[in-house]
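Please keep the model in view while reading.

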Amino acid sequence: MGEIEDGEADHVTTDVQGQKCALVCGCAAPDGGSGKENLPFLNAVLKNPVCKLYRFPTSDNKWMRIREQMSESILSFHIPKELISLHIKEDLCRNQELKELGELSPHWDNLRKNVLTHCDQMVNMYQDILTELSKETGSSFKSSSSKGEKTLEFVPINLHLQRMHVHSPHLKDALYDVITVGAPAAHFQGFKNGGLRKLLHRFEMERRNTGYQFIYYSPENTAKAKEVLSNINQLQPLIATHADLLLNSASQHSPDSLKNSLKMLSEKTELFVHAFKDQLVRSALLALYTARPGGVPKKPPSPKSSAEDSCPQDAPPPVGRQDSIPHHSDYDEEEWDRVWASVGKSLNCIIDMVDKLIARDGASEGGGGSSKDGEKDASPVDPITAHPREDWYEQLCPLIRALQDCMGEVVNRAKQSLAFVLLQELAAGLPQGLMLTLRRDVVFSQALAGLVCGFIIKLHTSLHDPGFLQQLHTVGLVVQYEGLLSTYSDEIGMLEDMAVGISDLKKVAFKIIEAKSNDVLPVITGRREHYVVEVKLPARLFEALPPPVREGQLLHVHPVLFNVGINEQQTLADRFGDVSLQESINQENFELLKEYYAVFMEKMPPDYISHFQEQNDLKGLLENLHQNIQAKKRKNVEIMWLAATICRKLNGIRFTCCKSAKDRTSMSVTLEQCSILRDEHQLHKDFFIRALDCMRSRQTQGALSESDDPETGCLTDNKPTSRHFYPVALLLVSSHLLVVWLILSLALLLAKYQ
């Protein structure tokens, strides 16, 4: 499992009690459970499969056949390139908005120049990384030896699909998939000061105490500002498009088309107006007003407006610094209400005009809406009374232009005010804030590449399962990450990075679209707070999807992470270190898994739920998992087994991660596969260890030397033990030996890092 480069090996047998467990190795094209028609779709994700065939006896002395396949994923490089391109586009747009803030007082103008200098440097760095990634050819995955390379830091380590296809004499064929990948972490940047979980908390605390030169906005308000800006950028061109369609319908004198175009224009304009009904927009306008030259109050503000109207939401109370928006009684806040309200009035005039045109024309049965028109301003429709056959286009064009002018004024003011909010976020944390953004982008890129690969593989294997498709668009999919990192030394920082990266996957939604060409690679749209991954399906497969999915419904995933350190460094952490990080991560993610289970039980039909509870009750498994998390037992691998079982029964996507997705990951995956064969396919009890040895044999795993492995420990041989097995076994006999072993281990570590 991991970095296997040769696809051929000798025939291997394990002779036990006169019987043989046979293993035949070789390469073959991937075989999906959905037939050859899906191969182009699958080949868009997988590459260079390494396949091995096994034959093991069952409990009734029959034989089961197992086909184990490991494949690389070309998404290892495709997704990071897509994501970096999005970041560059987003950052260039933000920089342009900062430049268009207009004239500012000297203090704020200097801050803006400083921010733009740093932001331009970050954009140039992203562009350089994208250029270097575009030059990458050859292997479609990033090996563990390259995890310290800056140009590859956005690329996940050792991303592979591990698939076990079981042909059993008792049950129908079954597929078991696990995505293996190195822990998403910023290896190039290092872990001297910890990982993202700690760094983000520390940064937020420091930003709250910045001083007098910035205005503090909470992370929630900053995210809200980005969301409103994104909505503006999406809705404005849509409204312009529907306005053009309305005029086109008017020029064609088509009542039905006119009504449909008006309906779409009304819906988008109402969304546009609603986006500005937020206290943050109002307070941001006031903040920008005070930052303009001459924006100084001429008379003191009233206490009421100070307390109730001008503070941004969730902002902390004043603590001897400027942590809330200044308030100015000479600033006319009602002017903003009049500006965006004029958009609604302009839309009402257009609706009135369309109703009168259709009514006078007598071409629509829906012309009876004139009863309510008398309540509105009738001045624009006077020409209709005198000239009922006058050109519709000429009647509507001035009103459309008035709507667009009103919207232009609203957009200009709102964009500037919200860009000023983003300026505060950037200025308050230079350069640490931008470096944290880079680190978070790196970690998220690695996590997203694995998620997209896992989602596409799961979709491919379950396209013909109606229950899965219903679950997909009704409650979404659970994505379970099995972490094997220790809570010791650098791996603490890796675990902190991984926890944030996997949590950020909640911002991702999937959308399935029909492929219009042979290019079926996924496309990413959106921004840092919200991404949509468009997965392309051939027409034949796309038509088989449920109507909501075909119509573009967003499909959500629910990522959870459970970590249990299992190596010798975790032994030190358990005895002398701190395991609170692992405990808190497991507890937090158990709550997330329990929430998903509750929604699953509520929304899925009873007959589908019973399908998942034939052998084990899901509720009982969850309770058992909770008990094991609360028990705080050292190296409690039962947590991993229970979480994996629950994930499989919930039809989820499974990931297994360690530092480099090699030793610990391969040991975990092979143990899981053999346990599945035993519990689900009646593997003979006397052959469990033999099957495990066979899957873990050096001949099976490929002849890699120990020097190829940068991790502590050696590659697995026929025995599922590390080179530290025998010393640890002796330590169990004597506590004196334990003390000696710990002293020697610490001495070796000190010598290594010196």
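The buried residues of α21 (buried: under 20% relative accessible area, with a 1.4 Å probe and protein chains only) are L618, L621, L622, L625, N628 and I629. They cover an arc of only 125 degrees around the axis, taken from the directions from the helix axis to the C-beta atoms, which puts them on the same side of α21. Their cover includes β11 (555-563), α19 (580-603) and α22 (638-649), where contact means heavy atoms within 4.5 Å. At the start of α21, a side-chain oxygen of D617 comes to within 3.2 Å of the backbone nitrogen of K619. K632, which follows α21, has a positive phi, near 55 degrees.

This is a predicted model: local features need pLDDT of at least 70, side-chain atom pairs count only at pLDDT 80 or more, and totals for chains, interfaces and linings use all residues. Residues are numbered from 1 along each chain as its sequence is written, and side-chain values use heavy atoms, leaving out hydrogens and water.

A salt bridge is a side-chain nitrogen of Lys or Arg within 4 Å of a carboxyl oxygen of Asp or Glu; the count by this rule is 23. One of them joins D91 and R528 (2.8 Å, N to O). This pair links distant parts of the chain, 437 residues apart: D91 lies in helix α2 (residues 75-99), and R528 in the loop between β9 (523-527) and β10 (530-537). Both D91 and R528 are buried. A network of salt bridges links E90, D91, R94, D441 and R528.

Notes. Buried means under 20% relative accessible area, exposed over 50%, partly exposed in between (1.4 Å probe, protein chains only). Helices (H or I, at least four residues) and strands (E, at least two) are DSSP runs, numbered from the N terminus. A polar contact is a pair of N or O atoms within 3.5 Å; within protein, one must be able to donate a hydrogen and the other to accept it, and residues adjacent in sequence count only if both atoms are side-chain atoms.
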